[in-house]
Number of protein chains: 2
Amino acid sequence: MALDQHEVPDIVVGRLPVYLRALSAMKSGGKQYTSSHELAEWLGISSAQIRKDLSHFGEFGKQGTGYSVIGLYDELRQILHLDQDWPLIIVGAGNIGSAVASYTGFSHRGFRVVGLFDNDPTKIGAQIGGLTVQSNNEIPQFVADSHTQHAMITVPAQYAQQVADILVASGIKAILNYAPINLNVPHNVHVEYIDPVLHLQKMTYYL
Amino acid sequence: MALDQHEVPDIVVGRLPVYLRALSAMKSGGKQYTSSHELAEWLGISSAQIRKDLSHFGEFGKQGTGYSVIGLYDELRQILHLDQDWPLIIVGAGNIGSAVASYTGFSHRGFRVVGLFDNDPTKIGAQIGGLTVQSNNEIPQFVADSHTQHAMITVPAQYAQQVADILVASGIKAILNYAPINLNVPHNVHVEYIDPVLHLQKMTYYL
DNA sequence: ACCAGTTTGTTCATACTAGCACAAGCGCGC
DNA sequence: GCGCGCTTGTGCTAGTATGAACAAACTGGT
């Protein structure tokens with residue numbers, strides 16, 4: 001019912017991609033309808049939470065029937081602005097960067113890797129995942145030309161901040177940082193972090 | 001002051017590794033003392049939150065002085081049970097699994113990759129990151145012999161659940177899952193998820 | 001047409017989380 | 001020795017998140 005997007009809590013926004021992922025799996029499985037209860041069991045959360053999260057954006061279900069899988073899938077894609085393919089660049093062509101550049105899981109989830117950059121002269125020019133590694137010097141021009149707003153940082157920690165500065169100056173608005181360090185960026189640039197060791201360490205507390 | 005570890009909120013435990021990471025960086029930089037305020041600015045959170053989080057486990061600071069970097073670092077390592085090296089296996093020797101197996105960032109943060117597994121006959125026997133790829137059939141014996149409790153799943157989504165079942169049956173207690181799917185495991189097994197696309201999709205909402 | 005079985009969207013109460021603000025404690029300089 | 005500046009640990013308050021519960025609504029069968 002409420003559509004004032006400015007009031008949606010960040011934590012709710014963070015769950016929408018999870019719902020989208022589950023719906024995508026159901027869609028692939030040929031399922032036509034689902035319910036908040038089924039989704040909840042699937043994801044290990046409460047059904048009330050799913051219904052309340054969705055209610056921030058509109059009324060997508062029907063009493064007695066539940067949700068159309070494809071219908072809700074499309075709604076969530078629109079809400080998350082994923083009804084288009086966003087270009088995405090990767091800075092850092094080491095082990096992780098190369099693996100991510102070769103990852104085929106982006107294409108059908110809203111993103112397309114269009115550029116791969118590294119400062120190591122021995123890597124520049126190499127072909128990885130169908131892309132040619134370019135020098136970091138090319139980043140500003142490339143970002144401007146391709147209207148790219150998403151970037152992933154996969155360089156060693158000591159270079160991550162300076163890469164982030166380059167990306168911000170180039171106009172990047174969303175950074176996914178694989179380096180185990182906190183980045184300093186302006187408020188209008190979004191940053192998310194991935195550090196597998198953090199997750200392992202957290203679980204180790206309970207062992 | 002409170003030491004009843006059973007009452008520490010999960011969200012607090014999740015922040016401890018972040019503090020540990022920052023302290024490690026400060027230690028490398030030769031810094032001897034720090035304060036909750038400095039840590040807070042470094043990490044972009046409030047100083048009160050840091051002090052309160054730490055207060056769940058004891059009193060580690062001194063008024064007027066702050067915290068000894070090395071002292072707090074060691075305390076957190078003990079709290080998280082990271083004052084030892086935990087063996088860790090990786091199932092899935094594809095792009096991501098290979099990259100993670102070659103990642104050198106585990107060794108000084110409490111973990112050591114001791115095994116790499118895959119079901120693809122063309123990969124078994126290959127050398128990746130100093131490890132020989134073994135068949136998934138070897139997992140139960142290997143886990144038992146090496147007393148391993150941590151595992152990472154880097155196989156395609158459609159195989160992730162069956163790999164998880166094998167791991168659980170083998171005695172693994174903590175799973176870090178890279179496959180974009182929710183796993184079903186017993187309550188005494190901990191699971192954490194890494195899916196870069198989830199982070200990208202969340203940020204795209206705000207663009 | 002009506003009833004039984006489902007499921008939604010929302011209300012309400014409870015639980016949790018975050019940060020302000022302050023007393024107590026420590027160190028340094030005079 | 002004393003006072004000033006700084007920092008911790010914690011009580012308290014305000015804000016946020018969660019889940020139980022229910023009225024309204026839809027479907028299918030009789």
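Helix H3 (47-55) of chain A, together with helix H1 (10-28) and helix H3 (47-55) of chain B, each supply at least two residues of the surface near DNA strand C. Here "near" means that a heavy atom of the residue lies within 4 Å of the strand, and helices (H or I, at least four residues) and strands (E, at least two) are DSSP runs numbered from the N terminus. This is a predicted model, in which local features need pLDDT of at least 70 and side-chain atom pairs count only at pLDDT 80 or more, while totals for chains, interfaces and linings use all residues. Residues are numbered from 1 along each chain as its sequence is written, chains are lettered from A and ligands numbered from 1 in the order in which they are written, and side-chain values use heavy atoms, with hydrogens and water left out.

**Surface near DNA strand C**

- H3(B) gives the largest share of this surface, four residues.
- Of the 27 residues around DNA strand C, those that come nearest are Ser36(A), Arg51(A), Gly61(A), Tyr67(A) and Lys52(B).
- By class, the surface has six nonpolar, 13 polar and eight charged residues; Ala, Val, Leu, Ile, Met, Phe, Trp, Tyr, Cys and Pro count as nonpolar, Asp, Glu, Lys and Arg as charged, and the others, Gly among them, as polar.
- Sugar or phosphate accounts for 60% of the atoms of DNA strand C within 4 Å of the protein, and bases for the rest.

- An N or O atom in the side chain of Arg51(A) is 2.8 Å from a base nitrogen of DNA strand C.
- For Lys52(A), a polar side-chain atom lies 3.3 Å from a base nitrogen of DNA strand C.
- Gln63(B) has a side-chain N or O atom 3.1 Å from a sugar or linking oxygen of DNA strand C.

**Sheet of chain B**

- An open sheet of seven strands has the order E5-E6-E4-E3-E7-E8-E9 and mixed pairing, where strands pair if DSSP finds at least two bridges between them.
- Strand E5 (127-128) and strand E9 (190-193) stand at the edges with a single partner strand each, so one side of each is left without a neighbour in the sheet.
- E3(B) (residues 86-91) and E4(B) (residues 111-118) pair in the parallel sense over six bridges, and Trp86(B) has Phe111(B) in E4(B) as its bridge partner.

**Aromatic pairs**

- Over all chains, a search of the whole structure finds eight aromatic pairs, meaning rings of Phe, Tyr and Trp (its six-membered ring) with centres within 6.5 Å; planes under 30 degrees apart count as stacked, over 60 as edge-to-face and the rest as tilted.
- The ring centres of Phe117(A) and Phe142(A) are 5.4 Å apart and their planes stand at 80°, so the pair is edge-to-face.
- This pair links distant parts of the chain, with Phe117(A) in strand E4 (residues 111-117) and Phe142(A) in helix H6 (residues 139-146) of chain A, 25 residues apart.

Conventions: A polar contact is a pair of N or O atoms within 3.5 Å; within protein, one must be able to donate a hydrogen and the other to accept it, and residues adjacent in sequence count only if both atoms are side-chain atoms.
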